[in-house]
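These are my notebook entries on one predicted model. I record what I looked up, topic by topic.

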Amino acid sequence: MRSAQSRGVTESSGNAERSRSHLTSWLETSLRMSGVENGAESPTSLGGGDDEPADHGEGSAEVVLHMVTQLGPAGTTVLGSSSKNKPFSSFGMAYEFIDSIGNDVDVVSDSENIKKLLKIPYSKSHVSMAVHRVGRTLLLDDLDIQELFMRSSQTGDWTWLKEFYQRLVDQKWQRKKKSKEHWYQKAILSKFLYYSISGDGAAEPVSAASANSRKGNEECGCEEFGRSWPATFTSASSDPGDSGTPEEESVSVDNQYALGHVASVSKEQNLPTLFNEGENSQGLRNDFARNILWTFEDIHMLVGSNMPIFGGGRYPAVSLRLRDNNKPINVLTGIDYWLDNLMCNVPELVMCFHVNGIVQKYEMIKTEDIPNLESSNFSTRVVKDIAQNILSFLKSNCTKEGHTYWLFKASGSDIVKLYDLTTLCEETAEDKCQNPFTLPVAVLLYKVASNMILKKNQNRKHYGTIRTLLLNCVKLLDQERHPQIIASAHCMLAELFQLDEPLEDGNRDSFHSGGSEDSYSEEEEELPEDSDESGSCSNQPNPADGSKAVAVIKSVGELSVPEKYTHQIRPNYTFPVSHDKEERCRHVLSNVLKGLKAVDSSIKKESDLPAADPNTPIPLKYEDGGDSIGHSSVEKEISLLLDRGPGQENYKHPTRSGMIPGSWQHRIKLQLFLKASKAYYVLADAATNLMKYGRALRYVKLTLQCHDAYCAVSGSLHPEVLLFHSQCLSLCGDIQLMLAQNASNRAAYLEEYSYQTKEDQEILHSLHRECSCQAFNMATDLSMDPEYQLFVSSKCYEAAYELLTSGELRKLHPEQLGQVLKRLGNIRNEMGVFYMNQAAAMQSEKEENKAVSAAEQEMWKKSFSCFEKGLKDFESIGDAANTALLLCNTGRLMRICAQAHCPVSEDLNRGEFSPEEALYYNKAVDYYLRAMKSLGNRESHKAVWDSVNWELSTTYFTLATLLQDFAPLSRKAQEQIEKEVTDAMMKSLKYCDLQTESARQPLYQYRAATIHHRLASMYHSCFRNQVGDEHLRKQHRTLADLHYSKAVQLFLSLRDAPCELLRTQLERVAFAEFQMAGQNSTSTKLKTLLGALEIMIETRHAFQLIHKELHEEEQAANAADDGEVSETPDGSNSSGFNTEEVLKLIGVFEPSFSFLLLHLMKLMSTSKRKPLSAKEEETIKLYKQVYSQLLRANKLAPLIERVALYLELLEQLTPKLGDGNNGAPL
């Protein structure tokens, strides 16, 4: 017969698949072994010597069937190294099946330990177990006090525990030797199993010498201690022969039925060998034949078992036991057999009875019948109650993760005590690393946390648990001895804080259930000891008892009482989530710093580094110091960014600090540098949003310094790292741009930039161990020159663009490339505007009669070059709005160039409109038209469209005005100039949007009115000066009347242009007077004068607006306490009302009004028509009265009184015009 073994996990609950071996029939084999038919005695002897009752069934659960060809002397073959369990067996299972630890499983242990706990109320034997907590999982291991103290006597370790044990537990402790009968029973069991597996007698008989030798070794304890208890972890040496797992010839049957949801963790997820290749030699390897996920009531256990399972034919799975025929099965043995079959889901038990090694008979018993056997009757319900009570007792009192608890019951005692060995060790000032469980527990905590992080579907609500696991892991370890685990733990702690995503409102409760973010402290992150206790009095030790036990079970009989011990469900650990980005980043940087310190402490110091090879030349860099300051040096510095691309070759030479590429220090430091860089990036971005640009520049400098150090130790850069680097450069460009635009707060920015925390200084010190971190100094310096800041900003964007367009990033992130191109276009626009404003300032400061300077032209060229580059950037990404804005700015630059070419004569008077001005104005028009074309229509970008439309109308209007006011008569004919003026005015009028309601609508109305007024004035002038061509004169008169009418209509719609309205009306009156002068007929003249008088009366609306403005000014002056006059030196007041202009217009109004009244009276009096009617006489009388008042008006009276008088006179004339024929409109 052959026994199968398994390395997977088999679930043993309900209808789970059985672990079985395809064997020959057990009955046929048994007959062949014993040579007995129908119960006859067999001459085959399994051993010799006196028989000893096997009440506890010790050997049955310790059978290990890894390699059947290695069967040998008893005690060193399939039975394992000794009768005792390995002290770290639960850790071996936990390491291999890490997915089950922390949440899914309540207990992880050897099946022997589970059976020993459940038999406590029935047995007087001593119980000694080490208990560790990881999340909700308890790890139970056998703690052999005898072996431990024997080791203590040899090495000096754990002396404090030995003294404590002798003082409070067993004052006369001494090593208990195993009896000869013990070794006899193990030898007979070994041979029984050997013949059960292979009946052909291939194994050699066990010699007495071998057995005696083994017994001697056990008695002295040397080999037993070396195999069971590990040496000191800091100096462990491994045996190469024990480092590997024995190969299996074929896949076992158990593996075929291993559960898919509980699988061992791949080696790639684990740390590198943490025990100097000593996991196997230290007893940390999972050596169980099968690992079972066993559900007992509501308790989920991961159990390791070595019980051999046989089967074949009609009996697919049975367990095989050897018993003395003279001794009945007692309760302890029955519970032992029953639990073994339950755990392994074996339905039947086969008992082989012998007398002095002679097989007597075989008997098959069903598993469910074992509790009802005559000699071993027990209640399964009581066993289940015992299991629930023990688990509740342990979970209620073993509350601190990372602590080693000791569950102890002395032999023959009914009291069970639980001690916290970690606390006792601290009280005795022992080195925590003297606890051999310290490192396995710490590594398990680390592996559980690492496994939870690696799960892609891991919910963030478990981050609190992960963080607690890692913090407890770090607390257990000494940085000098275990820097790798500590550095890795801090690296993972830093990764827990998500820096690239804002917290969602829906997740805040699950993240931060309980506790305040303000009270967070890593040192205080520890649950209270009584957080899980049920409050039962029996859980608490007696204060008067000096045992220092954490908890006591006063009587083992209590364990049989249903629900005697209960425990509360532990709340989930809270994760310190802050809605403040800076606080989150500070948590990250704190862990990064601790991780860097751990890594740096493990690297050789400079004095330990090997000396330089004298035969190897040292490469020197040559730098030309002639251009150390200025834009070229910035370009040189930032060009270094592009040298660290993905094409950099890998190297194996030590880094500056002595790290070897590929080592764990190298890998962890890369991660820490990158995480620190990201944290500083988030801080810089947050400071930018808060407009703290000095602080933002400091953070982005630290970001780039971290990246510089990353590049210094990294052989090649991943595309995602390059992408992040481009984002850092873009942010640096943003900050420099904002600093240039906010030059007024430079003192505050300098103070923010100079501040630095101690944490930042320490991180920077760690960075300097790898490189000088000077590559980005020029890009991150705080300059006082806006031009320099704009230049640095543009270079940062250009470097980011080069990174995104090189290598693998070219097609991976088009959206990021579009953002950088938009930033490039924007900074080039800003630089263009800066140089354009510089040119405008030079223009305003220079003397009027000087020509354009070379400095001005240089500014124009720089500005134009920036605008051109920006246009290409925006056009490449199809940004129509920004393209139009840049074209608009280019048009403005052309207008500034035109203004600079304005000719000035020696007497400082403005000369004729020059060709250069015309050239630049026409170029400006072309750029504005291109901007309109790029937009297409107003609906796409209304604000940009309106802005371009206004600028285009303004340019045409300015061009026409200059042509009209400073006509180039020396170069062009009058008619050509008039045509060009008319054309430009009409185009300007075309782009005056009078229909759309907007903030610019009044401006458009004013401009349109001004255009009509100017055109009317021009046609008025042409009419006056035109001689000969009557048709052309008539055309000019008609156009003048038309444009005057439109101008008056538009000015009437405005409330803030009374002077322009009055001027237009007075020009219309003058135009009528000029026409009257050329007329010969009295009636025609009279009609023309009456029409002019009607226009004059219409000026009443303009005078009403003027009077209102003057009245408001007078009230404001009277209300002012200080009596200050709100007039500007040019005569205009603060509201924009020009008093000087009003006085000039009144100087024209009075004589024109007098002229009209006087000539009307003359013409009406000397008319050759029939005698005047009474109505006409009354009109003449009215004219005389008004004329008389106008002549007697006081010219020195206040302006408001004069305006009031004019309103009164015009009011007198108004009704009379509507009554008679003479008052009818023309």
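**Entry 1: helix 31 and helix 33**

I began with helix 31 (residues 942-965) and helix 33 (residues 1001-1025), which pack at an angle of about 25° with their axes 12 Å apart. Since angles under 35 degrees count as roughly parallel, I noted helix 31 and helix 33 as roughly parallel to each other. I recorded their crossing as left-handed. From helix 31, the contact is made by D946, N949, W950, S953, T954, F957, T961, Q964 and D965. From helix 33, L1003, Y1004, R1007, T1010, I1011, R1014 and M1018 take part. I then sorted the residues of this contact by class and found 6 nonpolar, 6 polar and 4 charged.

**Entry 2: helix 15 and helix 19**

I next looked up helix 15 (residues 483-496) against helix 19; their axes are 10 Å apart and the packing angle is about 25°. Helix 15 and helix 19 are therefore roughly parallel to each other, and I noted a left-handed crossing for this pair. On the side of helix 15, I listed P483, Q484, A487, S488, C491, A494 and E495. These meet W664, I668, Q671, L672 and K675 in helix 19. By class, the contact of helix 15 with helix 19 has 7 nonpolar, 3 polar and 2 charged residues.

**Entry 3: helix 28 and helix 29**

For helix 28 (residues 854-876) and helix 29 (residues 880-900), I found axes that come within 9 Å and cross at roughly 165°. The crossing of helix 28 past helix 29 is left-handed. Helix 28 contributes E856, W860, S863, F864, F867, G870, L871, F874 and E875 to the contact. Helix 29 contributes N882, T883, L886, L887, N889, T890, L893, M894, I896, C897 and A900. I counted the classes in this contact as 12 nonpolar, 6 polar and 2 charged.

**Entry 4: E830**

I located E830 in helix 27 (residues 814-845). Is E830 buried, exposed or partly exposed? At 23% relative accessibility, E830 counts as partly exposed. Leaving aside neighbours within four places in sequence, I found E830 in contact with L737, Q741 and L790.

**Entry 5: E1150**

I turned to E1150, which is placed in helix 38 (residues 1139-1165). Its relative accessible area is 9%, so E1150 is buried, the limit being under 20%. Which residues does E1150 contact, leaving aside its neighbours within four places in sequence? I listed L1190, K1195, R1202 and Y1206.

**Entry 6: nonpolar cores**

In soluble globular proteins, nonpolar side chains tend to be buried together. I looked up the largest nonpolar core and found that it has 252 residues. The residues with the most contacts inside this core are W406, L444, F1103, F1153, Y1183 and L1213. Its largest share, 13 residues, comes from helix 19 (residues 664-689), the helix that packs with helix 15. I also noted a second, separate core of 51 residues, which includes L118, L339, L373 and F393.

**Entry 7: positive phi**

Most residues other than glycine have a negative phi. I noted E297, whose phi is positive and near 60°. E297 lies in the loop between strand 5 (290-296) and strand 6 (299-305), and at 33% relative accessibility it counts as partly exposed. I also noted M691, with a positive phi of about 65° although it is not a glycine. M691 is placed in the loop between helix 19 and helix 20 (693-713), and M691 is exposed, with a relative accessible area of 55%.

**Entry 8: the chain as a whole**

I recorded 40 helices and 13 strands. Of the 1226 residues, 52% are buried. Among contacts between residues at least 6 apart in sequence, 77% join residues at least 24 apart.

Note on methods: Residues are numbered from 1 along each chain as its sequence is written. This is a predicted model: local features need pLDDT of at least 70, side-chain atom pairs count only at pLDDT 80 or more; totals for chains, interfaces and linings use all residues. Side-chain values use heavy atoms; hydrogens and water are left out. A nonpolar core is a set of buried Ala, Val, Leu, Ile, Met, Phe, Trp, Tyr and Cys residues joined through side-chain atoms within 4.5 Å. Buried means under 20% relative accessible area, exposed over 50%, partly exposed in between (1.4 Å probe, protein chains only). Helices (H or I, at least four residues) and strands (E, at least two) are DSSP runs, numbered from the N terminus. Axes are lines fitted to C-alpha atoms, for helices over the stretch in contact, and angles run from 0 to 180 degrees between N-to-C directions. Angles under 35 degrees count as roughly parallel, over 145 as roughly antiparallel, 65 to 115 as roughly perpendicular and the rest as oblique. A crossing is left-handed if the near helix is turned anticlockwise from the far one by less than a right angle, and right-handed if clockwise. Contact means heavy atoms within 4.5 Å. Ala, Val, Leu, Ile, Met, Phe, Trp, Tyr, Cys and Pro count as nonpolar, Asp, Glu, Lys and Arg as charged, and the others, Gly among them, as polar.
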